[in-house]
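I opened this entry to keep track of what I looked up. The sequence and the structure come first.

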Amino acid sequence: MRILACLLLLWASLPASAARLMFIHSYHEGYPWVQDYRQAILENLSEPTKMTELFLDSKRLPRNAFVKRADDAWEAIKRDKPDIIILADDNAISLLSERIATTKTPVVFLGLNTNPRDHGLPAYRQFTGILERPLFKRSLLLVDCLLPGNEAKKLLILSDNSATSRAAFSPISADFKPIRIGKLTIAFTLTNSAEEWKQAVIGAKKAGYQGIFTGLYHTLTTSGSDYLEASEIIAWTAEHSPIPHFGFWDFTVGRHANPGGYVLNGYEHGLLAAKLINRLLAGEQASSLGYISDSKGAFRFSLSGVAKWHLSIPKEIAEKADWVE
């Protein structure tokens, strides 16, 4: 009762003119990427708002179920008439942007891996947002620097076969065939089978790879079609990989995860979105704000992971890095 009373008091304390925001997430609240960008936005709004949040849960639910949630979100938009809509990640944008464009409601999107043209966004003048562009080239070059030897190296990008992964990696290789970057040869394995993932990890060294990049691993299922917890997959990978493994997103680096990488930070991504929301709240028009590409990566390393793999981190990188256990 005390918590309820506090929430009612907080709600009553908001000015009557507080802007009404509707925040529609592609994924579920417990997903680390969601937690980070959501925290950044909620902590950095410039004025009091009334926030409604909807989660499509499209990493875990079958497509017909999360499409139904998107339809419900559209009904909520028509009913509640928010002042600003926030769309997070590709599925929410894909499923709702065209319908929202028929309204005059300003939209801030974030986490878009695909091209805005794929969703017709350039024609929607009330849309502004943040493009998610994982920093693959710098990540790959970092690993080339960390792995021993000056000879040509072969790396594996291993990821789930989700829409997000396909959108993220297709700019590197449209058909996911092996590519070359300098002395590096990069191959791709995209799968939603937990068993295929584990076989790829265990067999990586025998297949001639010197390193693995784990992309996303949140839609892997067992033979019984049960989703595995993401934390279980990355912990298993950390325990059984015969070669060093790295990440592209900050939440993939940690004690029971990848030992490091040049990564995209969810909080920083959300902070960029918060700045756009604040400009709309201040009265600016979305049509004048354009799109922002999130290209601010950061070095992130796990102390235990670096020690396990005896990685030698150059001093100039180590001093800039975010270090975790």
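**Ground rules.** I am working from a predicted model, where local features need pLDDT of at least 70, side-chain atom pairs count only at pLDDT 80 or more, and totals for chains, interfaces and linings use all residues. Residues are numbered from 1 along each chain as its sequence is written, and side-chain values use heavy atoms, with hydrogens and water left out. Helices (H or I, at least four residues) and strands (E, at least two) are DSSP runs numbered from the N terminus.

**Five-stranded sheet.** I looked up the strand order and found β7-β8-β6-β9-β10, an open sheet with mixed pairing; two strands pair if DSSP finds at least two bridges between them. At the edges are β7 (179-181) and β10 (245-247), each pairing on one side only. From one strand to the next the twist averages 30°. I then checked β6 (residues 153-159) and β9 (residues 211-214): they run parallel and are joined by four bridges. Leu155 is opposite Gly211 in β9. Helix α7 (residues 194-202) packs on this sheet and touches β6 and β9, its direction making about 165° with that of β6. Angles run from 0 to 180 degrees between N-to-C directions, and axes are lines fitted to C-alpha atoms, for helices over the stretch in contact.

**Loop residue.** Where does Thr191 lie? I found Thr191 in the loop between β8 (184-190) and α7. Thr191 counts as buried because its relative accessible area is 5%; the cut-offs are under 20% for buried, over 50% for exposed and partly exposed in between, with a 1.4 Å probe and protein chains only. Its side chain reaches the backbone nitrogen of Ser193 at 3.0 Å.

**Three-stranded sheet.** I noted a second open sheet, in the order β11-β13-β14, again with mixed pairing. Its edge strands are β11 (260-264) and β14 (322-324). Strand β13 (residues 297-302) runs parallel to β14, with three bridges joining them. Arg300 has Asp322 in β14 as its bridge partner.

**Helix pair.** I looked up α3 (residues 63-80) and α4 (residues 90-100), which pack at about 40° with axes 10 Å apart. Among the residues that meet there are Phe66, Val67 and Trp74 in α3, and Leu95 and Leu96 in α4.

Notes. Contact = heavy atoms within 4.5 Å. Polar contact = N/O pair within 3.5 Å; in protein donor to acceptor, adjacent residues only side chain to side chain.
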